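Visitor: I would like to learn how to read the features of a model such as this one, taking them one at a time. Could you show me the structure and then go through it with me?

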Amino acid sequence: MKGDKMHQFTMEEVLGIAIRIEKNAQEYYRRASEIVTDIRAKVILKDLALWEVKHETLFRKLQQDVIDAKINSSGIMSDVAGYLGAVADSSIFDIDQFDHQLRNLTDDPHTILIEALNREKDSVVFYTLLKKAIPGDRRKEAVEDVIAEEISHVVFIMKKIGELLDKKR
């Protein structure tokens with residue numbers, strides 16, 4: 001991050017970033033499904049896009065809950081803020097870089113799924129830190145459910161990458 005002062009994020013802002021992550025994932029999967037010609041990869045990507053809609057909805061509800069409960073949590077845990085600062089320029093958060101990636105997608109299902117895998121892994125790390133920072137057992141459980149689903153996405157994508165590679169042999 002620029003300068004010595006690290007930005008302190010509110011819980012509402014962190015949940016807003018979680019929403020953006022899910023929206024970006026949906027957009028990536030939808031756009032990639034339109035570009036890729038491999039039918040199996042197309043189905044995989046469409047399924048992933050639908051799964052991310054559910055996560056976006058959950059994070060929107062959590063964000064509204066935090067607003068309604070007047071939870072400020074300014075200056076939340078430094079490791080969450082540190083992680084945000086460390087990855088602020090990555091495509092998971094940076095809209096310009098994300099748009100550039102979408103414009104330059106190739107038809108190669110392997111490349112598309114590797115990028116999807118990396119995005120899912122980044123999400124797991126972010127949501128794990130979010131779980132540590134978010135107040136309330138019910139909210140923590142909701143984030144834990146998303147983490148479990150994102151991990152299942154990682155396993156699913158890895159399996160599909162293996163199947164696509166086996167198909168090429």
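**Reading a helical model**

Guide: At the start of α2, the backbone nitrogen of Arg40 has a side-chain oxygen of Asp38 within 3.0 Å. A polar contact is a pair of N or O atoms within 3.5 Å, where, within protein, one must be able to donate a hydrogen and the other to accept it, and residues adjacent in sequence count only if both atoms are side-chain atoms. This is a predicted model, in which local features need pLDDT of at least 70 and side-chain atom pairs count only at pLDDT 80 or more, while totals for chains, interfaces and linings use all residues. Residues are numbered from 1 along each chain as its sequence is written, and side-chain values use heavy atoms, with hydrogens and water left out.

Visitor: How many helices and strands does the secondary structure of the protein come to?

Guide: Helices (H or I, at least four residues) and strands (E, at least two) are DSSP runs, numbered from the N terminus. Here there are six helices and zero strands, so that the pattern read along the sequence is α-α-α-α-α-α.

Visitor: How should I read the span of α2 from its first C-alpha to its last?

Guide: The expected span of a helix is 1.5 Å times one less than its number of residues. With 30 residues, α2 reaches 44 Å, close to the 44 Å expected. After α2 comes Lys70, whose phi is positive, near 55°.

Visitor: What share of the residues of the protein count as buried?

Guide: Buried means under 20% relative accessible area, exposed over 50%, and partly exposed in between, with a 1.4 Å probe and protein chains only. By that rule, 43% of the 169 residues count as buried.

Visitor: Which residues touch the most other members of the largest nonpolar core?

Guide: A nonpolar core is a set of buried Ala, Val, Leu, Ile, Met, Phe, Trp, Tyr and Cys residues joined through side-chain atoms within 4.5 Å. The largest one has 22 residues, and those that touch the most other members are Leu15, Phe59, Tyr127, Leu130 and Val143. At least two residues of this core come from each of α1 (11-35), α2 (39-68), α5 (109-133) and α6 (137-168), and the largest share, seven residues, is supplied by α1. Apart from this core lies another, of 19 residues, which has Ala25, Ala32, Leu48 and Leu117 among them.

Visitor: What does Leu15 touch, not counting residues up to four places away in sequence?

Guide: Contact means heavy atoms within 4.5 Å. With those neighbours left out, Leu15 touches Phe59, Leu62, Gln63, Val66, Leu130 and Ile134. Contacts in the protein between residues at least 6 apart in sequence join residues at least 24 apart in 80% of cases.

Visitor: How many aromatic pairs does the count come to?

Guide: A pair of aromatic rings is described by the distance of the centres and the angle of the planes. Rings of Phe, Tyr and Trp (its six-membered ring) pair if their centres lie within 6.5 Å, and planes under 30 degrees apart count as stacked, over 60 as edge-to-face and the rest as tilted. The count comes to four aromatic pairs. Tyr28 and Tyr29 form an edge-to-face pair, 5.8 Å centre to centre with 70° between the planes, and both residues are buried. Phe59 and Tyr127 form a tilted pair, 4.8 Å centre to centre with 40° between the planes. This pair links distant parts of the chain, since Phe59 is in helix α2 and Tyr127 in helix α5, 68 residues apart. Ring pairs link Phe59, Phe126 and Tyr127 into a cluster.

Visitor: Which residue lies over the face of Tyr28?

Guide: A charge sits over a ring if NZ of Lys or CZ of Arg is within 6 Å of the ring centre and within 35 degrees of the ring normal. Arg119 lies over the face of Tyr28, at 5.0 Å from the ring centre.
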